[in-house]
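Subject: Structure handover

Hello,

Here is the structure you asked to look at. Please open it and keep it beside you while you read my notes.

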Amino acid sequence: MEMAKVSFGDDAIPGYECGDKTLPGVIVLQEWWGVTENIKKQALYISSKGYRCLVPDLYKGKLGVTAEEAHHLMGNLDWPKAKGEICEAAKYLKATGAQKVGVVGFCMGGALTLIGAQHSDDMDCAAPFYGTPDRAICQPEKITKPVQGHFGADDNMAGFSDPTAAAQLAENLKAAGGDYEVFSYPGVGHAFMNDLPEPYPDFEARKASQGFPGYDEGQVTLAWQRLIAFFDKHLQ
């Protein structure tokens with residue numbers, strides 16, 4: 001299976017898609033680096049479990065090859081516009097064959113996942129990985145759709161995806177009164193789902209630059225199992 005380039009919505013938003021159009025849809029949202037090979041691999045894996053996946057290219061082809069560049073790209077992102085594009089993605093999937101639509105995102109995409117869950121009527125469930133949004137654009141205590149969150153216990157991104165941010169998200173989702181779970185994974189940190197160290201040459205270089213622990217296949221396998229079971233429950 002390969003990902004095909006597509007465009008959707010009135011503004012011809014670019015993205016990548018895989019999976020039969022009649023399958024339940026899953027929007028897969030990028031990290032701050034952009035649409036990398038990691039994100040495409042993750043979308044292909046989800047699709048292999050019986051889903052049609054769409055990866056909107058929120059940076060319109062740009063990629064960060066250093067942390068500084070990625071920080072710049074994320075800082076320059078028009079978040080209200082990105083919210084609209086994610087809502088368009090869900091609308092597109094339903095209009096072209098998907099009966100139900102979920103959303104999953106990593107890092108910046110985790111925050112955008114919660115934004116989409118609050119603001120799109122076409123999304124049925126959401127699974128943010130190690131990212132929480134600014135309250136100016138998203139209030140998780142208003143999200144009553146099913147949510148499953150995933151965070152590394154050793155995440156060092158204070159206020160965004162560290163254990164304090166994860167606990168605050170759980171508290172807000174509890175206040176919403178919906179079906180929610182927030183999992184913490186010991187021994188791993190931010191970006192723990194990435195089995196490629198890109199843009200670094202290896203995981204040691206990533207750790208030296210950003211302080212993230214290395215790849216832990218056991219925790220990644222557990223997170224995938226939980227995520228696919230969550231989508232199977234709410235989308236199939």
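A few terms come first. On a 1 Å grid over the protein atoms alone, a pocket is an open set of points with protein on both sides within 12 Å along at least five of seven lines. A cavity is a set of points where a 1.4 Å probe fits but cannot get out. Lining residues have an atom within 4 Å of a point. Grid points are joined across faces, edges and corners, and a volume is the space filled by probe spheres set on the points.

The model is predicted: local features need pLDDT of at least 70, side-chain atom pairs count only at pLDDT 80 or more, and totals for chains, interfaces and linings use all residues. Residues are numbered from 1 along each chain as its sequence is written, and side-chain values use heavy atoms, with hydrogens and water left out.

**Pocket and cavity**

The largest pocket holds about 220 Å³ of space. Its lining is L58, Y59, K60, K62, H72, L73, N76, L77, D78, K81, A82 and E85. Helices (H or I, at least four residues) and strands (E, at least two) are DSSP runs, numbered from the N terminus.

How many cavities of 30 Å³ or more does a search of the whole structure find? The search finds one. The largest cavity holds about 100 Å³ of space. It is lined by 14 residues, and the closest to its centre are E31, W33, A191, Q210 and F212.

**Strands**

Two strands pair if DSSP finds at least two bridges between them.

- β5 (residues 101-106) and β6 (residues 125-129) run parallel, joined by five bridges. G105 has P128 of β6 as its bridge partner. The chain gets from β5 to β6 through helix α4 (residues 108-119), in a right-handed β-α-β crossover. Right-handed means that, with the strands pointing away from the viewer, the path from the first strand over the helix to the second runs clockwise.
- β6 and β7 also pair in the parallel sense, over two bridges. Here A126 has V147 of β7 as its bridge partner.
- β7 (residues 147-152) and β8 (residues 180-185) run parallel, with six bridges between them. G149 stands opposite V182 of β8, and F151 stands opposite S184. With helix α5 (residues 163-176), β7 and β8 make a right-handed β-α-β unit.

Are β6 and β7 covered or open? Buried means under 20% relative accessible area, exposed over 50%, and partly exposed in between (1.4 Å probe, protein chains only). In β6, five of its five residues are buried. C125, A127 and F129 lie on one side, and A126 and P128 on the other. In β7, six of its six residues are buried. V147, G149 and F151 point one way, and Q148, H150 and G152 point the other way.

**Core**

A nonpolar core is a set of buried Ala, Val, Leu, Ile, Met, Phe, Trp, Tyr and Cys residues joined through side-chain atoms within 4.5 Å. The largest one has 73 residues, and V28, I46, V104 and F231 touch the most other members. Helix α7 (residues 217-235) gives the most to this core, with eight residues. Contact means heavy atoms within 4.5 Å. Leaving aside its neighbours within four places in sequence, F231 is in contact with V26, Y51, G102, V103, V104, C125, A127 and Q236.

Helix α7 also holds Q225. Q225 is exposed, with a relative accessible area of 52%. From Q225 to N76 is 34 Å, C-alpha to C-alpha, and the two are 149 residues apart in sequence.

**Backbone details**

- A12 sits in the loop between β1 (4-8) and β2 (13-18). A12 is not a glycine, yet its phi is positive, about 50 degrees. A12 is partly exposed, at 45% relative accessible area.
- C107 sits in the loop between β5 and α4. C107 is not a glycine either, and its phi is about 60 degrees, also positive. C107 is buried, at 5%.
- E198 and P199 are joined by a cis peptide bond, with omega about 5 degrees. P199 lies in the loop between β8 and α6 (203-210).

Best wishes
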